[in-house]
Amino acid sequence: MSKSISGFSKLSKRGKLRWLVENFFKDPENVMRELMSYWLLNEEEQKILDGFSENTISNFYLPFGVAPNFVINDKTYAIPMVIEESSVVAAASSAAKFWMTRGGFKAKVISTKKVGQVHFMWSGDANKLEEVFSDLKIKMQEDAAGITKNMVERGGGILDIQLINYTGVEKDYYQIKVNFETCDSMGANFINSVLESFAVSLREFVAVQDHFADEEKEVTVIMSILSNYTPECLVRTWVECPVSELGDFTNDIDAEAFAKKFCMAVRIAHIDQYRATTHNKGIFNGVDAVVLATGNDFRAIEACGHTYAAHDGHYRSLSHCKIENGIFKFWLDLPLAVGTVGGLTKLHPIAKRSLEMLGNPNAEELMMIIATTGLAQNFAALRSLVTTGIQQGHMKMHLVNILNHMGANQEEKDAACKHFIDKVVSFNSVRLFLDEYRSGTSGNVKKKSILKN
Ligand code: MEV
C-alpha cells in the first residue's frame, strides 16, 4: 500500500486522521479513538488550537506546573512552567524558597532592541550607495509609515538603519541592518513586514538614481527577515548574600566550602564547552518552561541564548559567580525577545492564564521573570551537583515515572519509594522489585538479586 498522499491538507481533520491510522498503525480503530479522545470538547476552543498550525489531528499534552515563592524585585510570583522533564519544577521551587529568605532575586532590563536585515546584492560603486543612503533611509521610512504607525503610537518603531558593506567578504553583498523597538510584542510580524517594505523601497530607489550606471540601477534582494540574535534585548538577574548566610549543606559541606565549589562549577562552564553546554541547558530548562507557558517562541529564545553564550568567540556559561568581601554573588545576563501581546500570548487559553497568574506583566517584566527562572534552575542544578550529586533528587522522580510506566498502584508505589530510598534506581531494579513485591516476597525483597541489576 502506498504511504504517500497528495491533497492531505485538503482532507477534513477526521479524514486526515482516518488516512493516517489506516496507513501507519496496526490497530486503526483504537488509535483513531485514542487520538480523538484528546480533542477538546469545546469545538470553538479546539478550532483556535488547530488554527495555530497545519494538518492537526489531535492535541499533544505536556504538564503545566507552577513554581511558587519566587521573589523578584520584592514582588512574589507563582511561575507557570510547561516542561516534560521531571525535577525541573521542583528544583525551581526549591531555589525560589532558598532565596526568598535571603533577599530574593533582583532583576533589571538592560536594553530592548530587536534586529532585522535586508540582505541584497548590488554590483556598483560602494561610495555611490553610501552617498545616497540617507535619502534611501527617508524613503524607506516614509514608504513603511502605514506599517509603523501603530507601533510608533505605542512608543516603538524603527530606531536606526545602517548600511553594511560586506563586499570584502562576499562580492556584491550588502545588508541593511535595522534596529527596532517593539514594546510589549515580540514583534516578528511587525519587523518582517517593515523589512519587506524596505526591500521594495530599495529596488525602487536605485532604479531612479540618474547618476547610477545602468547596472547600478538594479539590486537583487536575497531576503528580508528579522534576526533572532538580539544581544541588545538583554536582561540581568542576580542573587547575593553573605557567604555565612548560605547555611550548611548535605554531606557536611559548610557555607564557605559550598560557595567555593559552586563558583568553581560556574568557572568550569566558562572554560570548557562540553560543561558549558550542559550548564546552559540547565538554565534553559527554566527559561523554556516559562517561555512555553506564556505562549512565546522557545526556539527563538534558545537560538539567541546559545549565540550569545558564544559572543566572545568561545561558547561559555551564561551565568557568572563571584565571592567578594565575603558576599556570594550569582548572576545571569540573557537576551530575551519575548512578548506579552500578539502571537499566541492572548490566543492560547492557557498562555493567557499563565500571564494572568504572573499579574499580566509587560514584556520587560516578563523578561525578568523568565531570566530569573533560568537562574534559579541553574542555582538548583549546581547546588545538587556540588553537594549530593544530581541523581538523588532526579531518581526519586524517575522512580515514580518508571512505576507509572509499569502500572504500579499506590501501595506498590509507596513500597517502592521506601525501598529505593538508599538504592540505585534503574528500569531493571524497579521491574525486579515489582515482580517480587507482587509475588508476595517483597517484605524481604532479596537485596542480592536487586543489586545484581
Ligand atoms: C538536566 O536537565 C540539567 C542539568 O544537567 C544541568 C547541569 O548539569 O547544570 C542538571
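At roughly what angle do the axes of helix α8 and helix α9 cross?

## Helix pair

The axes of α8 (residues 255-271) and α9 (residues 273-293) cross at roughly 115 degrees and come within 6 Å. Axes are lines fitted to C-alpha atoms over the stretch in contact, with angles from 0 to 180 degrees between N-to-C directions. Helices are DSSP runs (H or I, at least four residues), numbered from the N terminus. This is a predicted model: local features need pLDDT of at least 70, side-chain atom pairs pLDDT 80 or more, while totals for chains, interfaces and linings use all residues. Residues are numbered from 1 along each chain, and side-chain values use heavy atoms, without hydrogens and water.

In α8, Val266, Ile268, Ala269 and Ile271 meet Gln273, Arg275, Ala276 and His279 of α9. Contact means heavy atoms within 4.5 Å.

## Ligand site

Arg275 and His279 also belong to the ligand surroundings. Others there include Glu85, Thr278, Lys281, Gly282, Asn285 and Leu385.

The distance is 2.6 Å for Glu85, 2.7 Å for Arg275 and 2.9 Å for Asn285.

## Domains

An automatic or database assignment sets the bounds. Domain 1 covers 8-50, domain 2 67-110 + 234-387, domain 3 114-227 and domain 4 393-452. The C-alpha centres of domains 3 and 4 are 63 Å apart.

Terms used
Helix = DSSP H or I, 4+ residues; strand = E, 2+ residues; numbered from the N terminus. Near = heavy atom within 4 Å. Polar contact = N/O pair within 3.5 Å; in protein donor to acceptor, adjacent residues only side chain to side chain.
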